[in-house]
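Let me put the model up, and then we'll walk through a ligand site and a helix pair.

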Amino acid sequence: MGETVVDLLCIGAGGAAYPAAFRMARAGHKVLMVDPKGVMSGNCLYEGCVPSKAVREMASMTDAMRRFSTQLGLAAPPVPDYAAIVQHKDQVQARRYAQHAQELAAQPGIALRKGVVRILDPHTVQIDDDRGSEKIHCHHLLIASGSDVFVPPIPGAEHCLTSHDLYKPNPALRALPKRLIVVGGGYIGLETASFFAALGSQVTLLQKGEQILNGMDPGMVALLQPLLPAGMRILTDVDVQRIEAQGALRRVVWQRAGQEESGEAEAVLLAVGRAPVIPEGCEVMGIEFDRHGIRVGPSLQTRYPHIYAAGDVNGRVPLFHAAVRQSLVAAHNILGGNQPLDYADFHNVPTTIFTLPAAAYIGMTPAKAEGRELLVGRYDFAEDSRAQILERLEGEIRLFFEPSSLRLLGGWIVGIDAGALIGQIGTALSLGATAYDLARFADQHPMSAEGIGKAARSLF
Ligand code: ADP
């Protein structure tokens, strides 16, 4: 039997893989996706964006019902049932897996196999699965192997949970911990800390540096931090020394300002980052990578024009929607004969920190402006109808414009509807809108989006 030949082989079946797979298959090409999970949609659905947001919305509703318990005529504030919340999360995941399976079955030309890919040479890979190994010849290769939880070499790290243990289908954590210690103040740690605090856990978050959400605009972070749920204690400049297990309890020992301190909790979440998953074979083939990921430019090509790396594995913008766009860029460039005809924009990608409340940003913000002058339009949620209805008066919409042209360069939102509003600002930005364009668009009342126009009008 001869070697199987495919036009495109995708290493992984997540957001960076399947959009390209479908685009190529629709153009009549033969595609094979390989993923150890044996299902489509990668870590986003398995343990990332979707399940964490299922928990978030439950926490957000609990928080709202608690705040409005009198108006709703509730005899007592609601007590969340975490096991039931997990069941809801699991159902959402199951539903989406079924939907993806249907999409796959309906598309001729794509096959999905459960297995792990190893690159043997520029046109040959080996798939290892339960039954053995098979070699495949591929005209093009899309490395879309994503990222995985990074576990640092802290003694006792094995006593901690990771986002995997919280959010995967049928997860390990099924009861609300009375106390939770979160190690890591990046977006995953901070989001989870805020959900559990809103659900009623006493949360302590330990951050290594002086700022949570390191790398994000300090101006935005300073607005968000005081709005995070009460019951969430944030300690910065903390150096975690070790984690000890004492029966069902965990003790975290850390250094702060030269002093040793410690805290006890029913659960510890380790959330100190994610690392790219570099498939075996990249190194020998001289595909360049470092700890951030495989090196690619906006065409997503590696040093081999027919080998692409999209999504978390290239570390450029480790977000699902960025992976989807990059996947399509790779497909377009393959269809263009590996001559780049499409490029990914790594800068103007909406990013939301889905804390309670959330913060979101896109494009240029003051910290990235490096001394360049920006014109700032601002709208405070304190004056917003919807914010008043929800009794969520904190936060703002801020837009940044180029002074000479009034062109929109970026913006942020802290507070209500941040995740939805940033998409609207992003659309305006990608269409090259100016403050004039935003100011003359009559957005709906009484929705928070009217604040975008009002922020623009604050300039005139
Ligand atoms: P992205 O959003 O960039 O697609 P994900 O992490 O969501 O990233 O998905 C990547 C998928 O690739 C995961 O399901 C992961 O298990 C899979 N994967 C990782 N390494 C390999 C490999 N060597 N062979 C096949 N699949 C892999």
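**The ligand shell**

So, α2 is the biggest contributor to the shell around the ligand, giving three residues; helices here are DSSP runs of H or I with at least four residues, strands are E runs with at least two, both numbered from the N terminus. Quick caveat: this is a predicted model, where local features need pLDDT of at least 70 and side-chain atom pairs pLDDT 80 or more, while totals for chains, interfaces and linings use all residues. Residues are numbered from 1 along each chain as its sequence is written, and side-chain values use heavy atoms, with hydrogens and water left out.

Back to the shell. In total 23 residues surround the ligand, with D35, K37, N43, V117 and D312 the closest (a heavy atom within 4 Å counts as near). β2 (31-35), α2 (42-47) and β4 (116-121) each supply at least two of the shell residues.

Now the polar contacts, meaning N or O pairs within 3.5 Å. The side chain of N43 puts an N or O atom 2.7 Å from a ligand oxygen. From the backbone, an N or O atom of A16 sits 2.9 Å from a ligand oxygen, and one of V34 is 3.3 Å from a ligand nitrogen. The ligand alone exposes 590 Å², and the protein buries 92% of that (Shrake-Rupley, 1.4 Å probe).

**The helix pair**

Next, α3 (residues 49-67) and α6 (residues 187-199): they pack at about 40°, axes 8 Å apart, with axes fitted to C-alpha atoms over the stretch in contact and angles running from 0 to 180 degrees between N-to-C directions.

Methods
Polar contact = N/O pair within 3.5 Å; in protein donor to acceptor, adjacent residues only side chain to side chain.
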